[in-house]
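This report is intended for a reader who is new to the structure shown below. Please keep the model in view while reading the sections that follow.

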Amino acid sequence: PHLPLLSMAAFVSEASAELCEHGCGRPRFKHYPTCCTRCTGPDGRHSKDCNEKCGGAFDEAPAAENPPWVRPDTVPDGYCIEGCGRRAADGHETCCKSCTYLAKESGRPGHDCMCDVRDNGGMAVPFYWRTEDGVVRLHGQTFHDEVEGEYVQSLGTKLIQKTLPSKNVMKCVRVQDSTLWEAYARKRATLRAKGPAPRLDGPQPETLEALSYSALTTLDQTVNELWLFHGTSEEAARAICKSTFRLPTSTGHGKLFGNGVYFADRAKKSHEYASQNKDGFRVMLLCRVALGNVLNFKRSSAHAHDQVIGTEFDSLVGCGDGSSREYVVFDVAQVYPEYVMFYKS
């Protein structure tokens, strides 16, 4: 339920009111340092809840609308017949299967990862990145969005409940950050330039089993790109989504496989590292991770990083507890923190 509507004057007149650290002039939400997840400063936008809680005291500038997409009657020879503007794949009338599928499903063309690689070196942001107002995000723009919605919440719930059936995702935020994506896409391109990485040994990662076809097509299989879980605290999650991960500097912090950033394909494993916030929610990230050439580690070793860094390998996978695989990278550019999930029983 929404908080009662109050005027902005009523908010700021309260002696206990503290203002958002981004300088927008709005009060902080509960114990958080900002007024809402969307705020980026005085000229930024805010969530609908934030606007309602301020009683409409701030006028929200209308979002820039996307021009409606209309499939052209004709396209130049050699170009995709869907009219997306990309060249058709060799021997085909369209640039990729996703273009036709998404044009029918969502009314606007979208593209799979390999189509992006052919067209722009894989730098394009995922086709589904949009603001809460429906504005499509594009490569070359500068933005940081934290988007909530029923779809992202149901996605988070589906993935977490696969191994934690008693948990419910109460809130899920998709992080759309142009700077973090640029660094990740460039690193992914560097891994791709080495040639197709050997496929992962063993069973298929469990996160792949719960995702839709269109979502899976945005992963680059040639570099073993996956969505993986990472349990953390709310404070760390907020920092990661603005400035990415930090590598540990001691083997003690590096756990079983050296000084790296750890992920799992089972939420149950990452749950062990998820801290509760002040509202009783645990926090887990769902990240894109470009594993590249993976070293399979049979035993735990505090110095496992020495067998990856500076070698032909880009990451490792090991099973320290005998049941759940852990995926470890030693370069934070191999990770994009795409979803933040707040969950509880």
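## A network of salt bridges

R188, E225, R288 and E338 are joined in a network of salt bridges, a salt bridge being a side-chain nitrogen of Lys or Arg within 4 Å of a carboxyl oxygen of Asp or Glu. Within this predicted model, local features need pLDDT of at least 70 and side-chain atom pairs count only at pLDDT 80 or more, while totals for chains, interfaces and linings use all residues. Residues are numbered from 1 along each chain as its sequence is written, and side-chain values use heavy atoms, with hydrogens and water left out.

One of the salt bridges is formed by the side chains of E225 and R288, at 3.1 Å from N to O. This pair links distant parts of the chain, with E225 in strand β3 and R288 in strand β5 (residues 282-290), 63 residues apart; helices (H or I, at least four residues) and strands (E, at least two) are DSSP runs, numbered from the N terminus. Both E225 and R288 are buried. Buried means under 20% relative accessible area, exposed means over 50%, and partly exposed lies in between (1.4 Å probe, protein chains only).

## Other salt bridges

The whole structure contains 16 salt bridges. In one of them, the side chains of R71 and E82 meet at 3.2 Å, N to O. R71 and E82 are 11 residues apart, and each lies in the loop between α2 (48-53) and α3 (97-106). R71 counts as partly exposed because its relative accessibility is 41%, whereas E82 counts as buried because its value is 7%.

A further salt bridge, of 3.3 Å from N to O, joins the side chains of E234 and R238. Both residues belong to helix α9 (residues 234-243), where they stand 4 residues apart, about one turn of the helix. E234 has a relative accessible area of 5% and is therefore buried; R238, with 28%, is partly exposed.

E146 is located in strand β1 (residues 144-147). Its side chain is joined to that of H144 by a polar contact of 2.9 Å. A polar contact is a pair of N or O atoms within 3.5 Å; within protein, one must be able to donate a hydrogen and the other to accept it, and residues adjacent in sequence count only if both atoms are side-chain atoms.

## The second largest pocket

The second largest pocket holds about 560 Å³ of space. Its lining comprises 26 residues, with R199, L216, L219, D220 and Q221 nearest its centre. The elements giving two or more residues to this lining are α4 (113-120), α8 (213-216) and β3 (225-232), and α4 supplies the largest share, 4 residues. A pocket is an open set of points on a 1 Å grid over the protein atoms alone, where a 1.4 Å probe fits, with protein on both sides within 12 Å along at least five of seven lines; lining residues have an atom within 4 Å of a point.

Q221 is found in the loop between α8 and β3. With a relative accessibility of 52%, Q221 counts as exposed. Q221 and R199 are 22 residues apart in sequence, and their C-alpha atoms are 8.3 Å apart in space.

Notes:
Points joined across faces, edges and corners; volume = space filled by probe spheres on them.
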